Amino acid sequence: MGTPQHPTVRLASGQHIPLLGLGLSHHGGYSHNALLYALKHCGIRHIDTAKRYGNEELVGKAIAESGVRREDLWLTTKLWPGDYGYENALQACQDSCTKLGVSYLDLYLMHWPDAHLPGKKACEVRAETWRALEDLYAKGICRSIGVSNFLIHHLEQLIEDCNVVPHLNQVEYHPFQRPQKLVEYCRRRGIIFGGYCPLAKGQALTHPDIIRLAKDYGRTPAQICIRWSIQNGVVTIPKSTKEERIRENCEVFGFSLADEDVQTLNSLHDGRHVSWDPTGVL
């Protein structure tokens with residue numbers, strides 16, 4: 001019996017990104033065995049990492065060991081602000097490809113909106129960096145390009161200066177942090193919305209409404225949160241280094257939440273961040 005195939009959504013680039021991915025991170029956020037398990041046994045074909053996490057080389061080894069064909073895999077990595085600027089970005093992308101052992105990336109993201117280069121405003125640095133990503137996209141080295149943690153004003157500035165509108169914007173998204181104005185802005189612009197921290201770093205798992213829905217559906221609180229995110233049209237990337245949790249997080253396509261239950265979860269938004277908050281970045 002083969003591993004299940006997860007549904008995808010089409011980006012403006014024409015590429016189809018799996019709606020569910022496995023997020024990796026630093027500070028203990030990488031497990032070689034867990035990544036192999038996800039690829040071999042859970043149908044995961046979407047891996048989300050970043051230069052900042054320091055694990056690109058390990059991810060490359062796991063991909064090679066897994067036996068999954070490169071063309072069957074969606075690989076996202078991210079450009080850290082320390083590498084912003086045109087030439088820096090081109091080199092950083094090449095370095096990431098080398099570490100990952102690949103000739104192209106499926107998605108390359110600017111990781112954070114803040115940007116510093118001598119004598120330039122942050123918006124100018126973002127625009128200059130984005131031109132590098134546009135060139136990488138034109139060459140096919142990055143099959144899709146996007147941003148992470150960008151708010152509406154960051155996107156508006158970028159779109160004013162760019163030729164290619166970002167294909168995806170990845171931000172914190174969970175029942176307590178549902179930035180609906182940003183979601184709607186992205187949709188109007190044809191930008192697919194991606195969400196990380198779907199479990200609010202565990203905070204959502206103890207909320208009484210989420211526990212109640214888990215009991216009603218015979219599912220776990222984590223599955224309720226991930227299913228809710230996906231039903232809201234968000235490309236969702238939970239993180240875990242535990243095999244049993246990864247399997248649990250992947251088993252979210254065999255049921256649907258009723259509309260009223262989606263609304264119940266939507267109503268839990270209170271604006272809290274459990275990760276970085278880009279609100280103060282100009």
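Which element gives the largest share of the lining of the second largest cavity? In this predicted model, that share comes from helix H9, with three residues. The second largest cavity holds about 40 Å³ of space. Its lining is made up of Leu20, Gly21, Leu22, Ile44, Pro238, Ile246, Asn249 and Cys250. By class, six of these residues are nonpolar and two are polar. No charged residue takes part in this lining.

Helix H9 spans residues 243-250 and includes Asn249. Four residues of H9 are buried: Ile246, Glu248, Asn249 and Cys250. Their cover includes strand E3 (22-23), helix H1 (32-41) and helix H8 (221-231). Asn249 has a relative accessible area of 6%. Asn249 counts as buried because this value is under the 20% cut-off. Beyond its neighbours within four places in sequence, Asn249 is in contact with Leu20, Ala222, Ile226, Pro238 and Ser240.

Two cavities of 30 Å³ or more are present in the structure.

The largest pocket has a volume of about 810 Å³. It is lined by 32 residues, and the closest to its centre are Ser25, Cys197, Lys201, Lys239 and Ser240. Ser240 is also one of the contacts of Asn249. Helix H9 is again the main contributor: it gives the most to the lining of the largest pocket, with three residues. The lining of this pocket comprises ten nonpolar, 14 polar and eight charged residues.

The second largest pocket has a volume of about 280 Å³. Sixteen residues line this pocket, and those closest to its centre are His16, Pro18, Glu71, Asp72 and Leu73. Its lining divides into four nonpolar, six polar and six charged residues.

Technical notes
Residues numbered from 1 in each chain as written. Predicted model: local features only at pLDDT ≥ 70, side-chain atom pairs only at ≥ 80, totals over all residues. Heavy atoms only, no water. Helix = DSSP H or I, 4+ residues; strand = E, 2+ residues; numbered from the N terminus. Buried < 20%, exposed > 50% of the residue type's maximum accessible area, 1.4 Å probe, protein only. Contact = heavy atoms within 4.5 Å. 1 Å grid on protein atoms, 1.4 Å probe; cavity = no way out; pocket = protein on both sides within 12 Å on 5 of 7 lines; lining within 4 Å. Points joined across faces, edges and corners; volume = space filled by probe spheres on them. Nonpolar A, V, L, I, M, F, W, Y, C, P; charged D, E, K, R; others polar.
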